[in-house]
Every structure is written in C-alpha cells, then in structure tokens.
Amino acid sequence: MNRNDGTSLEAVRLWTLRLFVMTRKELLQLGRDAPLLLFLLYSFSLSVYVSGAGIAMQLNNASLVVHDGDHSESSRELIHRFHEPYFRFDGEVRDPKEGMARLDQGTAMVLLDIPPRFHEAIGSREPVSVQLQVDTTNAPQGLSAAAYAARIVGRFSSDLTLSRLGAASDGTMLMPVVDSAHRVWFNQDQDETWFQSISHIMRMITLFAFLLPAAALVREKEHGTVEQLLVSPITPLQIMLSKVLAMTLVILAATALAMVTVLKPVFGVPIKGSVALFFLMTALYSFTTAGLGLFAATVARNQAQVGMMALLVISPMLLLSGIATPFEAMPSWVQTLMALSPLRYFVDVTYGILLKGVGLELLWDSMLAMALLGGTMFGLGMWRFRRQFR
Amino acid sequence: MNVRRITAVATKEWKETVRDRLFLLMSFLLPVVWMVVFGYGLVLDVEHVPFAVLDRDQSSLSRDYVYRFIESRYFDYQGSVSDERDIDRLLGDTAIRMAIVVPERFEEQLLEGRPVTIQTLLDGTFPLHADTLKGYVIAVNRAFTQERITEFLTRTRGLVPEEARRLAEPVSLETRYLYNQEVRSTWSMVPALIMFALMVASPLLTALGVVREKETGSIYNIYSATVSKAEFLIGKLVPYFTISTINVVVLWVIAVWLFGVPFKGSFTAFFLASLLFILCSTGIGLVISLLVRTQMAALIITIIIAMVPTILFSGLLVPVSSLSPGAQVQAHLFPAMYYTDVVRGSFLKGLDLKAMWTDLLALAVFAVALRLVAYSLFTKRPKA
C-alpha cells in the first residue's frame, strides 16, 4: 500500500514537473519573439487608451446647418436651442439646396429648415412645422440626431403652450405634464470611456487567447517538432494543457497591466466587485477560448489555415456577442448561435464584476456556461489531436 | 523588371495557394459568410429592450401609461415587480435594462392638472443604449402628455378637442431621413461590410507569404535567384490580388441582389477604389510579413491590426466625425476610412468619381506608400 502511494505520488510529481517544464518552454519561446511581445504590450496599454478615449458612440457634435427662412426672434430662439454637446452649429445656408449639397458631401449631418412666417404663425396661433433632414447613412447616429431634435422642438413647443396658457389663466401654470427623472445605474455620467476601454480589453483577450495557443500548436505540427514531443514521455494532454497554461498566464499578466496602467488611473473605472473573482473568470474565459483555438489548430495543417479559421470564428464573436452592439436587438437566430460564443457570457461577467459589483450569486450561470463550453472544446480538441498521432 | 520572372514567382505562389484546398476555400468563403451573417445578424438598432415596471398607483391611467411601453417594439416587457429591491437584482443580473417606477397618486395628480414625475432606472453599462432609451422614454412621455393636456383643456376650459390639440402642440417637427429612408441599419451596414471583408481577409492572405519562406528557409532560393526584389514582391501579390478582386465582384452582387441595397453611384469609381483598396490591404499584410520573424507573430499582428481598427475607426459602427481628435488622426492614418466613404457614397448617396476623388487619391497614396515601405524593408542580403 505504502509503496503504491509512494509511486503514485511520484507519478503525480513527475506529471506536474513535465507540465511545468513544457509551460516554461512555451513562455520562453514566446518571450523570444520580440515583435510579438511588443505588440502584446501595445495591445493592452496604448491601444486600450486610444479606443477608450477616442470612441464616442453617443451623438456628439452632430454637424448642423440651418436654413432660416424667417430670421425672426422665434426662429433664432429655436436655432439657439440646438447646441452642444449634441449639435454643433456649422453655419447657415441661404437656400435648402445648398444645405442638401452639404449633406451629400458629408460635411453636415443635419439640416434644419425653418419656414418663412414662422414667427407670424406662432403669434397668430396657427400650427406650424419645421423641417429636419437627417443623413441616415449611419442609421443609429441618424436616429439619435432625429430623436434629440424632436426633443428640442418638443420642448420649444410645450414651452409655448405653457406660456400661452399661463398668460391666459390666472398665472398658475399647472398642467398635466408627465416627465421622467432618469437614474442611470452603474455608470451615472454615462462615461463612455469605461464601456469602450473594458470592451477593448475583452476584444484583445479574445484575440490573443484564441490565436496564441492555436498558432503555437500548429507551428509544432508544421515544423514536425510535435513528433518529437509525442515520442517523448510527454502525453498529448500535457502538450495541449501547457500551451493553454502558458498563454493564460500571459493574458492574465497583460490584463493586469491594462487595469493598472489605463483603466484605473486614466479612466477611473470603479472596480466595484472582487478583483480576484474577475481574474479567476478571465482565466476561465481564456481557457475556454483557447479550447476553441486548439480545436481549430487540430483541424488546420498550417498557420495560414489556422489564421483563416480564426477569422471565421472570432469576427462573429467580436461583433455579435454584445460588446459592439446591443444583444437584445439581434435576430433570434443570432442569439441562439451566440449561445456558443463564450464571449457572450464573459461580457455579462466582466461588466457585472467591474461596474455592477455583483458576485458569483448572480454570475454562476455564466460561469457554468463558459466552463461547459471550454471543457467540451478542449475535450474535442484532445480527441482529434490524439487520433491524429496514434 | 522582367515579366517572365514575375510570372514565374506568381505561378509558384498561385500553385501553392491552390494546392492548399482549405486555405483556398476559406479565402473565397470567408467574405461571403461574413456578408451574410453580419448583413442579417448585425443589428445596431436599439430594440426589444427588456424592462420591468413597478406601478405604485395601479390606476387605469397608470396602466394606460405603462401599456404604451409594453406595446412598443422598442421594449420587451418582462413583468412587473412589487419592490424596488427586485429592480436592483434584475438590473444586476442583466435580466432587464430599464425599470419604470410609476409613483403613487399618478392618476389623481394628472386629473387635477398637476405635473407628475416618473422614475426610470437605466442600465448604464452600455452608455449609447442608456442614451437611446432616454430618448424613447421622453418620446412616450411627450405623446402621453399631449393627450393629457388636450383632455384636460377640453374638460376644464370647454375647448373643442381640435382646438385643444392645436394649443397642446403649436410647433411640430417633420423629419425626413435621407439616403436610407426606412432607416434600416442593413442598408448602412451591408456596403460597409464589403470594406470589412476586404480589410480583414486580404491582409491575412499575404501576411504569411514572405515570413513563411523565411521560417521554412525556402527564402534562400530567392536570395540566390536572379529574381529582383521588386519582381519578387509583385509576383507574391498577384494571386492574392486576384482572389480579392473576384471577392469584390461577388460581394457587390450579394449586396445588390440578396440584400437589395440600391447602388446609385458609378460602378467605375467603385471598382477603381476597390482595386486601390485591395492594394492597400494586401500591402499591409506584406509589410507585416517583412517586419516579423515568425509566422505566429505575423498571424497575430495581422489579424489584430486588420480587425481592431476596422471595427473601431473605419466608420463601420461609429462615424469618424464623432471620434475624438486623437482617434480621428488614427482613423485617417488607416485606409479603411476612405474606402468606407467611397462604398457608402457609391451605394447610398449616388456619388460619382468627381465627388470622391480625394478619397481615391488617399487610397492611391496609401497603396504606393505601402509598396515603398515593403520594398525598402525587403533585402536579399540578410544579416547572419
């Protein structure tokens, strides 16, 4: 019994040692690829900053040109209400056609057209309408501009109603008006740098977690070094696991770098939940994505093929998992398909931990889904890898 | 320059590509798959937003108010709750993105002609959504308010409903959506996807071209051959340039026939710009291939350089004009932005060559500059 225990203990020690040696080899190999390492550093620091600071998807200084056919007190008052940060007044045009030409060239996004006799119509209590032409080649931004314009004109209109009724009655201006007090949770000021920088980190984690182990495995196949490994006492499991381990370590370090150098000091992202949990989840996500990558690597015969497969798998993940666009609005077949994308769960986990401050009690289902996906992919990859060399 | 030697390099490269069946298949299939999946699947409109209601009034008027959200296609009703703590939990779990709290005495106040404030709680993790949602809520409020004022005026002042309505809305706004009348994000998305497909797939085709030969050592055949630097680089590009050109035509056909996006501009201008753009995107792959030592580095750097700025800075999702000055500089340093202008201009706005010549010029400059960089980076006399 004792001897048996001793040998099995020894076996475990040997197994771990081999895994450790292999992991070290992967890290060394990666460490010697200077261009790649530099690029990794860039991706998790400067690049996070640029995309965090640079991208504002909310309507921001939409360029507005005005055709004022009235030039009256009322028309100036209305134009005056179109102001920053939503609209940027980009000059007046003498004729609506000139405004349309500017929309065609793309030098203006919105044309506001105020009819002649605007002031007169308001004075004589006739209903009057103003025209708005919006460039909707970019649909969401165009809609957003139209919504803000409707808000501004609506407010102008209701102010007019109130002043008329106020003047007409005994001075009390009570009206059955329904108004909303908006409370924005988790990001009160709607600071977009938080969203964009966190999204960018997820994007980078996904790309590296897929590509690093996949390329590392195919490289061994391409060069034939994998045959050498297979005749050594190292098992296929150790070969695959060591790549995942090494790359996960690298990704965790890079994520920590991004958080320490950009997220906290530059953008002031409040990390509300547990940092340990976040890193644990990032490790799980890297493992899952690496499983996908390794599976692709067992299908591919060379690195060019693995690159193509990465594009096939990663681009839908990046664009449809909810970090670029609202997930709820996607057609249901996309939502079903994206149940297979680990990023879809990681998005909830990351925002949940970093911004909402929730813990495992709410995130356990996402964690389970990632673990299941990762286990399955890794198992399938293992199975194919073994079959190829036995 | 010797055409025979260029042909020889091109033939060799072409055979290598064609014999790698999976690679060849993917290089034609990938753009088509993207176009179809993203064309149908990538929806930018904020719709079906899950929300919950806490109705503290439980009156017929409050139900009428809430019903306007329930029946709207922008919202997706997830049920009502009886406690504010439930809202916390649902928002935290991302089960809902918005909650509406109707205060007590909602109906009573409105009937007396007093203003009422509704509370909306929004999930701010995706700030653009929160912003759009605010807009929707305000629009619902406005419509509801107008009805209430009209009703109130008819009831208390004895106005006829028509007159009351006019008093309730003295100035209205008529909005016309240009270029994309139904404001379908498909129409703005699909042309830009041509750009995406060319920008993301083409560099990868070329990226491994030179570095593969370096890694396997076959580059020494080139070093010792009579083929010149320029001949080698041109010959390397020919097959990938051909593949991408075929893809442009296929993607154009898909956009017009499958998605029914109108093509209003000049095909010549579009095609010319596409050729220039392919020269740019394959050029990026080539330059990376010359800069790095391993295929793994070439692969990863190319994919990231091709994909990340294309998603963020090309105008695909966010118009370049709403980027910060720093990001705009980065956008201008990248050929994708100019081509997006051309594609959207040709499809939706019906612009011709004259209106877009600056974009074409920019693409031409990029194409030439990338060739020059590649030429200066490539050497037939490597150190050691």
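Entry 1: I started with strand β3 (residues 110-114) of chain A: five of its five residues are buried, so the strand is largely enclosed by the rest of the structure. My note on terms: buried means under 20% relative accessible area, exposed over 50%, and partly exposed in between (1.4 Å probe, protein chains only). Strands (E, at least two residues) and helices (H or I, at least four) are DSSP runs, numbered from the N terminus.

**Ground rules.** This is a predicted model, where local features need pLDDT of at least 70, side-chain atom pairs count only at pLDDT 80 or more, and totals for chains, interfaces and linings use all residues. Residues are numbered from 1 along each chain as its sequence is written, and chains are lettered from A in the order in which they are written.

**Entry 2: the two faces.** Side chains in a regular strand alternate between the two faces of the sheet. I checked both for β3(A): A:Val110, A:Leu112 and A:Ile114 are buried on one side, and A:Leu111 and A:Asp113 are buried on the other.

**Entry 3: neighbours.** Which strands pair with β3(A)? Strand β1 (residues 62-68) of chain A runs parallel to β3(A), joined by five bridges. Strand β4 (residues 128-135) of chain A pairs with β3(A) in the antiparallel sense, over four bridges. Pairing here takes at least two DSSP bridges between two strands. I found A:Leu112 on both lists: A:Val66 is its bridge partner, and A:Leu132 in β4(A) stands opposite A:Leu112.

**Entry 4: two arginines.** Most residues other than glycine have a negative phi. A:Arg117, in the loop between β3 and α6 (118-123) of chain A, has a positive phi near 65 degrees. A:Arg117 counts as partly exposed because its relative accessibility is 41%. I then looked at A:Arg125, in the loop between α6 and β4 of chain A, where phi is positive at about 60 degrees. At 45% relative accessibility, A:Arg125 is partly exposed too.

Key
Side-chain values use heavy atoms; hydrogens and water are left out.
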